[in-house]
Amino acid sequence: MQLHHWPALPVSISHDEDEGLGFERNISKEMDNYKFGILGLCETRWIDNGQTKLVSGKTIIYSGHKDDKARHTRGVALMLTKKAVKALIEWQPINERLILAKSRTSHKWIFLTIVMCYAPTNDVEELAKVEFYDTLQSVIEKRTKKELIMVMGDFNAKVGNINLGYEAIMGKHGIGSMNANGQLFANFCANELVIGRTLFPHKDLHKATWILPDLKTQNQIDHICVSCKFRRSLLDVRVKRGANAASDHHLLFGKLQLKLRALKEECKVQQKYNVDLLKHKDTQIQKSIIMQINASKKDAKQHNRTYLVEN
């Protein structure tokens, strides 16, 4: 299962047949090129929340400001392939910075829950940062132990390559040094999340996710995290520099040893019949039982279900 997120990417939804009035055409193409299953988007700048199906067949679920008069800022979204949509159980628009999606996996007892995030920048008031992480924590606390929780997005947080005091939740493969936002982020992850990008050795070229306006300075402020319990399921996290969608952020790629599974229609309760009644002397009772059995068989064919006739 491959998951990715593209932060700081203003997107406009188009319903035109050529799907060419926004960035979604390029994004959809990149998803096909890299065989993505789910792609997270930050700073979409959409108002309200909803679900939109693109001409390509992919689906976008999004969450933004609830007030129609609010400025077109922030916003998060998830773009899903047809296969990912079939595995989707539920999704929740939390606010303009958070969206959640829960999917069924190939493992009978494990579900994948993705929380897409867009955290406040480093220069924002401390209160806004605390509120963001408090809300995120409350969302995660409501999940069950059977869920592989993946938190990803633009956290505007640099965690650096020194993991002293955070050995349990991060490695030494970051870049730069930890900033104030990075410490908040690491403290939050200490509640049972590992910072995936710091676990895998890669060249700095494949670590940096954001390019500063001077086109020289690069930082690692976007992250993919998973539950500590499922740490071994995360196979790799790195930047894909070849993908292009006119963003100053590089595409962050995460690979999970887990497959999505399409939801199946719930099986109906097996109906039981007393076939001894078929031997009853009263022909009306016999006909009634036969009609019930035939109706049940017809219904079974329509729903691809098997019904048992028991004594």
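**Entry 1: strand 5 and its partners**

I began at isoleucine 38, which stands opposite leucine 80 in strand 5. This is a predicted model, so I read every position below as a prediction. I then looked up the pairing around that spot. Strand 2 and strand 5 run antiparallel and are joined by five bridges. I checked for another partner and found strand 4, residues 59-63. Strand 4 also runs antiparallel to strand 5, with five bridges between them. On that side, tyrosine 62 stands opposite alanine 77.

Next I asked myself: is strand 5 mostly covered or open? It is mostly covered, with five of its five residues buried. I sorted the residues by face. Val76, Leu78 and Leu80 lie on one side. Ala77 and Met79 lie on the other. Both faces are covered.

**Entry 2: the nonpolar cores**

I followed Leu78 into the largest nonpolar core, which holds 30 residues. Which members touch the most others? I noted Leu78, Leu148, Met150 and Leu256. Strand 8 gives the largest share, four residues.

I jotted down the general background: in soluble globular proteins, nonpolar side chains tend to be buried together.

**Entry 3: threonine 198**

I turned to a loop. Threonine 198 sits between strand 10 (193-195) and strand 11 (210-211). Is threonine 198 buried or exposed? Its relative accessibility is 0%, so I logged threonine 198 as buried. The threonine 198 side chain reaches the backbone nitrogen of glycine 171 at 2.8 Å. I then listed the residues it touches, leaving out those up to four places away in sequence. Threonine 198 touches Val159, Met170, Gly171, Lys172, His173 and Gly174.

**Entry 4: aromatic pairs**

I looked up the ring pairs next. The count comes to five aromatic pairs. I took two of them in detail.

The ring centres of tyrosine 34 and phenylalanine 36 are 5.3 Å apart. Their planes meet at 25 degrees, so I recorded the pair as stacked. Tyrosine 34 is partly exposed, at 24% relative accessible area. Phenylalanine 36 is buried, at 4% relative accessibility.

How are the rings of phenylalanine 132 and tyrosine 133 arranged? Their centres are 4.9 Å apart and their planes lie at 80 degrees, so this pair is edge-to-face. Phenylalanine 132 is buried at 5% relative accessibility. Tyrosine 133 is buried at 8%. I checked for a further ring and found Phe188, which forms one aromatic cluster with Phe132 and Tyr133.

**Entry 5: lysines over rings**

Last, I looked for charges over aromatic faces. The charged end of lysine 102 sits over the ring of phenylalanine 111, at 4.7 Å from its centre. I noted lysine 240 as well. Lysine 240 lies over the face of phenylalanine 253, also at 4.7 Å from the ring centre.

Terms used: Residues numbered from 1 in each chain as written. Predicted model: local features only at pLDDT ≥ 70, side-chain atom pairs only at ≥ 80, totals over all residues. Heavy atoms only, no water. Core = buried A, V, L, I, M, F, W, Y, C linked by side-chain atoms within 4.5 Å. Buried < 20%, exposed > 50% of the residue type's maximum accessible area, 1.4 Å probe, protein only. Helix = DSSP H or I, 4+ residues; strand = E, 2+ residues; numbered from the N terminus. Pairing = 2+ DSSP bridges. Polar contact = N/O pair within 3.5 Å; in protein donor to acceptor, adjacent residues only side chain to side chain. Contact = heavy atoms within 4.5 Å. Phe/Tyr/Trp six-rings, centres within 6.5 Å; stacked < 30°, edge-to-face > 60°. Lys NZ or Arg CZ within 6 Å of the ring centre and 35° of its normal.
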